[in-house]
2 protein chains.
Amino acid sequence: MKGIEKVKVVDKFWRSYMDVVRDEVIPYQWKALNDQLPDTEPSHAIENFRIAAGESRGEYYGMVFQDSDVAKWLEAVAFSLENDPNEELERTADEVIDLLGRAQQPDGYLNSYYTVKEPGNRWTNLRDNHEMYCAGHFMEAAVAYYKATGKRKFLTIMCRFADHIDEVFGDHEGQLKGYPGHPEIELALVKLYSVTEEKRYLQLSKYFIDQRGTDPNYFDLEAERRGDEKPHWFFDGDHRYHQGHLPVREQDKAVGHAVRAVYLYIAMTDIAEKMHDDSLREVCETLWDNVTNQQMYITAGIGSSEFGESFTFGYDLPNDVSYTETCASIGLVFWANRMLNLEVNSKYTDVMERALYNGTISGMDLDGKGFFYVNPLEVMPETSTRFEKRHVKPVRQKWFFCACCPPNLARMISSIGHYVYSQDEQSVFVHLYAGSETVVTVNGIPVSIQQKTDYPWDEKVNLKVSPESESTFTLALRIPGWCTNPELKINGEQIDLGSIVKKGYAYIDRLWKKGDEVSLTLPMPVIRIRANPKVRVNAGKVALQRGPIVYCLEEVDNGKHLGNISLPKSSKLQINKETQLGGIVTITGMALRVDEAEWGNELYSTDEPTKIFTDFKAIPYYAWCNREPGEMIVWIDED
Amino acid sequence: MKGIEKVKVVDKFWRSYMDVVRDEVIPYQWKALNDQLPDTEPSHAIENFRIAAGESRGEYYGMVFQDSDVAKWLEAVAFSLENDPNEELERTADEVIDLLGRAQQPDGYLNSYYTVKEPGNRWTNLRDNHEMYCAGHFMEAAVAYYKATGKRKFLTIMCRFADHIDEVFGDHEGQLKGYPGHPEIELALVKLYSVTEEKRYLQLSKYFIDQRGTDPNYFDLEAERRGDEKPHWFFDGDHRYHQGHLPVREQDKAVGHAVRAVYLYIAMTDIAEKMHDDSLREVCETLWDNVTNQQMYITAGIGSSEFGESFTFGYDLPNDVSYTETCASIGLVFWANRMLNLEVNSKYTDVMERALYNGTISGMDLDGKGFFYVNPLEVMPETSTRFEKRHVKPVRQKWFFCACCPPNLARMISSIGHYVYSQDEQSVFVHLYAGSETVVTVNGIPVSIQQKTDYPWDEKVNLKVSPESESTFTLALRIPGWCTNPELKINGEQIDLGSIVKKGYAYIDRLWKKGDEVSLTLPMPVIRIRANPKVRVNAGKVALQRGPIVYCLEEVDNGKHLGNISLPKSSKLQINKETQLGGIVTITGMALRVDEAEWGNELYSTDEPTKIFTDFKAIPYYAWCNREPGEMIVWIDED
């Protein structure tokens with residue numbers, strides 16, 4: 001299986017996000033990296049590299065992983081250039097890459113924190129200090145930049161660093177047997193392998209994966225060498241936080257820091273695929289099942305605890321204190337994409353789609369100027385004054401000192417085209433429905449595929465499939481899990497889906513001719529979703545979904561005290577195409593609402609509260625907090 | 001209005017608690033104070049005084065308010081001796097009092113922390129260091145001990161200390177204009193006044209009250225003098241935590257640390273009454289209204305936030321992360337009792353009763369061996385692994401390093417007799433229904449009152465009223481707010497309550513003769529209570545109450561996942577007198593329960609969960625966690 005990355009995205013939905021990333025986010029981040037934002041804490045990220053290169057004087061400033069902000073920016077730029085060539089932007093990126101080259105040490109090492117601040121202490125705190133995390137992000141960016149521009153310089157810099165790391169780590173005498181506290185380099189090394197075909201990178205990735213959690217625990221050994229107090233209070237004595245509590249092949253539940261976890265699982269999935277490692281594949285499948293069937297919000301948010309930004313335990317999905325970091329959902333998109341390489345199964349794509357249209361993009365407002373790190377499913381602004389809800393922001397923030405989420409969103413959105421299709425020798429797979437154009441070579445023959453749709457608002461998807469010459473191959477179309485009665489026509493002729501759908505994909509195996517038209521209809525009634533009864537907080541509640549979009553109620557549409565709105569089972573729900581919020585479909589209907597005025601001031605009473613009929617309006621969850629700030633809920637009481 | 005303290009409690013319900021306090025809690029606490037508990041962190045409280053008295057060598061150990069544990073123990077002992085004379089216990093208490101006398105400094109100062117550890121730094125950190133808090137508890141204990149035993153030694157010690165404090169604090173030159181970070185001495189000085197009639201104590205109490213929150217803030221001034229960093233991160237810059245953000249007469253919402261708040265309000269109420277201070281009285285009424293109509297759980301738990309052990313804002317009453325410290329509810333009992341001195345109104349007594357039978361005694365198990373500091377209304381043991389719920393213990397603890405709640409419960413329970421009656425010249429008021437015997441002098445004639453009842457389980461209350469000679473006076477009986485159709489008979493003759501009930505009390509004004517029998521019937525159907533619709537978390541939920549007792553469901557009776565149980569509106573509820581748990585009335589009936597097995601493993605689905613009929617059993621909330629640990633809920637979904 002291989003991805004198809006040369007995809008021109010013309011989709012209305014994603015194109016508007018890509019434009020915002022290109023026009024707002026990338027330029028804004030560039031200013032941030034260069035400390036040009038007046039009311040924002042300085043980033044110092046570019047300046048750190050200048051100091052490391054000996055071209056500026058001063059102190060290192062910022063988080064220990066400040067470098068990674070530069071890396072993520074470069075990767076987002078690379079993806080953006082793929083769709084939208086821009087000479088000036090490319091020149092700026094080239095200059096940053098040149099600076100990285102000058103900051104790189106003679107042995108290949110590249111990290112501004114250690115180079116400037118603790119030159120003698122490289123690789124002494126893998127647990128906390130993110131050297132390999134930053135390296136990984138630069139490797140990813142280098143691969144993306146090479147693919148987008150064909151320029152090798154950045155790739156060469158990062159290969160030199162990878163070679164250096166490969167010398168430092170390993171089982172031979174004099175090598176360190178460690179692995180990073182924050183997984184990332186593992187997946188990046190696989191990417192580096194994919195463009196260089198250098199097997200050492202694959203083996204080093206596998207080494208880091210298999211070293212993790214082995215006994216004695218490396219993080220304890222290095223802490224002892226540093227003379228640290230032991231155990232570290234935060235890590236609960238068992239290194240769950242960074243998935244170092246057990247060898248990965250013995251892990252069967254997602255635990256600890258959610259972003260670390262999914263980045264690790266991505267690499268494990270890559271290695272399982274590329275190295276045909278069946279036992280690792282089983283672990284990935286088990287962990288996928290645990291995450292998506294026990295620890296995932298309906299928005300595809302993951303990591304329900306603010307403390308440790310972490311997974312907790314099965315069915316523990318509180319709506320109002322959830323952490324559900326934007327980056328964790330982005331990681332879930334990437335992981336789902338990798339799981340599809342192991343097996344084409346819509347259970348992976350459905351989660352990928354759920355994350356893409358809900359829990360990831362909820363992290364950014366529609367004009368790319370405000371961000372959420374945390375994506376709760378219920379916000380009552382006043383309760384954010386409670387200490388344990390202080391992370392639940394009722395208003396989007398301009399930028400974060402720990403600025404991981406905005407650039408992560410930028411790279412995901414800019415590369416959305418990569419997730420639409422994939423292929424093997426005989427088949428082309430359509431995973432996502434998004435207006436796009438690509439040319440794929442199947443069976444040696446180039447095939448142009450043009451996809452037209454107004455997804456996720458409209459149920460029609462049209463694909464024009466044009467092989468250069470007649471050719472027999474399989475086109476496999478995903479049938480989304482939310483769709484119960486899809487219809488398929490080829491050149492106007494109805495196709496019986498019953499016999500051709502396997503694991504959520506409709507396999508159309510035929511002789512294709514230029515201009516063949518595939519029409520897929522995916523009816524999108526509003527559906528009411530209920531949660532597993534083990535999810536305590538959602539007992540008696542429903543969430544509304546239409547197509548892949550999860551809905552929410554906002555105070556601006558529905559008034560205060562959204563918890564007093566309930567939806568009768570019999571209530572008919574209407575959909576309305578609206579121009580507001582960038583063009584969305586809203587859901588309206590009759591609901592019930594407790595008559596607060598009639599209740600009066602008593603705190604407790606034997607009276608039954610009176611309920612009165614009320615109109616309600618639901619908007620897509622991802623679009624919340626783009627108007628007046630206020631309350632928001634996803635799960636609504638059902639009456 | 002004055003309290004009637006010489007009351008012999010023969011009540012089955014309270015007598016069993018008093019026995020437990022006498023036989024278990026007081027001896028256990030004595031061992032704790034003397035470091036004689038093997039698996040428990042040492043208290044060192046007695047030893048600290050020995051060191052302060054120069055009779056032992058060593059370092060001070062414990063919290064800065066460790067002294068107060070000794071004070072609370074002495075007060076509990078005093079109350080216990082009132083009902084249960086015990087020579088050995090009294091001798092032990094006398095020895096502790098002698099030790100206090102020897103630890104007292106020549107100028108009257110008494111505090112083992114400062115005497116041993118920071119002798120030069122007295123009164124330099126009123127905000128944090130609890131000198132006056134400890135002094136207040138010793139004053140309360142001294143008053144109680146004097147009343148119980150007639151011995152003046154302890155009282156004399158504490159008057160000397162009070163005189164010293166009165167010299168140190170005040171508006172005259174050379175005096176400190178401060179007030180304590182933790183209110184307590186204010187109410188204690190009023191008690192000291194009540195037995196000594198020394199007006200300076202009353203004036204000093206009023207001084208502390210009126211200094212509080214004035215500008216410039218004393219806590220800031222003393223912090224500056226100490227050279228502290230400023231502002232202290234914890235106090236949010238505005239001293240809400242210790243109610244020092246505004247002059248008390250400008251406060252209209254309960255904020256900050258809940259125990260500090262109610263202890264302050266108690267003293268304010270006392271001063272309003274004793275000094276006929278009407279503006280202070282209005283503030284007390286406003287704050288009472290805020291606490292009980294916006295910030296009180298149905299169990300009379302108060303202080304919903306663990307952070308700062310504090311009040312938050314109106315209607316913010318989460319069930320699962322609530323703090324609701326035992327001591328705060330105990331403070332609410334004391335405050336309600338003081339408010340009754342301002343006005344006989346059952347709105348105060350109803351809250352006092354709610355706290356007594358629910359949110360206070362829930363803090364101790366039935367055999368007095370395990371305690372809760374925190375009294376949540378919903379516990380799912382697994383969720384206590386979430387960081388923000390770590391204070392919500394699913395199992396009672398043996399003792400706490402910060403051991404405020406167990407001794408506070410001990411003194412409240414031992415003095416329960418004080419809350420049953422009060423009187424003025426013409427009237428005797430019956431506030432609580434509890435088997436008891438007392439003799440009251442009204443209109444100059446001693447009247448014996450014998451109360452017989454199996455309250456709170458049984459609806460009958462009988463009072464035998466026997467004046468030594470025929471006498472006209474008023475007997476005022478409280479009609480509890482939960483009771484909608486009370487019946488009253490005097491000597492078998494039905495009395496029309498309609499015309500004689502004022503503010504929740506039935507005023508019987510008549511010529512009383514020896515052996516007059518008053519029979520009150522307070523029908524106790526099970527009632528379903530709903531919360532104000534502004535309480536977000538209780539939307540669609542009911543709590544069950546019978547008489548003054550709030551009920552809960554426990555896992556041991558109802559299985560796991562209590563959130564999946566719902567109570568149909570039509571469901572008939574039965575009551576059952578049972579011998580378990582010390583003899584209680586349980587509530588049983590038919591409920592609905594989501595069929596989890598039928599649902600299967602899907603995390604989300606459009607299926608409606610199937611509900612099946614199930615028996616359920618509710619037990620009194622106070623008695624939860626006396627059997628197997630497990631889930632518990634008070635608020636139940638209504639179907």
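**Exercise 1.** In this predicted model, find how many residues of domain 1 of chain A are in contact with domain 3 of chain A.

*Solution.* 
- Start with the bounds. Chain A is divided into domain 1 (8-419), domain 2 (421-521) and domain 3 (526-638).
- Apply the contact cut-off: heavy atoms within 4.5 Å.
- Count both sides. On domain 1 of chain A, 29 residues take part, and they meet 26 residues of domain 3 of chain A.

**Exercise 2.** Work out the area buried between domain 1 and domain 3 of chain A, and which three residues of domain 1 supply more than any other three.

*Solution.* 
- Take the area. It comes to about 2,400 Å².
- Carbon and sulfur atoms give 63%.
- A:Ile298, A:Tyr315 and A:Leu366 lead, supplying 25% of the area that domain 1 buries against domain 3.

**Exercise 3.** Determine how many salt bridges and how many residue pairs in polar contact the rules find across this interface.

*Solution.* 
- Check salt bridges between domain 1 and domain 3 of chain A. The rule finds 0.
- Check polar contacts. The rule finds 11 residue pairs, both residues at pLDDT 80 or more.

**Exercise 4.** Describe the side of domain 1 of chain A that touches domain 3 of chain A, by element and by class.

*Solution.* 
- List the elements. Helix 1 (12-33), helix 14 (346-360) and strand 5 (378-379) of chain A each supply at least two residues.
- Pick the largest share. Helix 14 of chain A gives it, with 4 residues.
- Sort by class. This side has 17 nonpolar, 5 polar and 7 charged residues.

Terms used: Residues numbered from 1 in each chain as written. Chains lettered and ligands numbered in written order. Predicted model: local features only at pLDDT ≥ 70, side-chain atom pairs only at ≥ 80, totals over all residues. Heavy atoms only, no water. Domains from an automatic or database assignment. Buried area = accessible area lost by both parts, 1.4 Å probe. Salt bridge = Lys/Arg side-chain N within 4 Å of Asp/Glu carboxyl O. Polar contact = N/O pair within 3.5 Å; in protein donor to acceptor, adjacent residues only side chain to side chain. Nonpolar A, V, L, I, M, F, W, Y, C, P; charged D, E, K, R; others polar.
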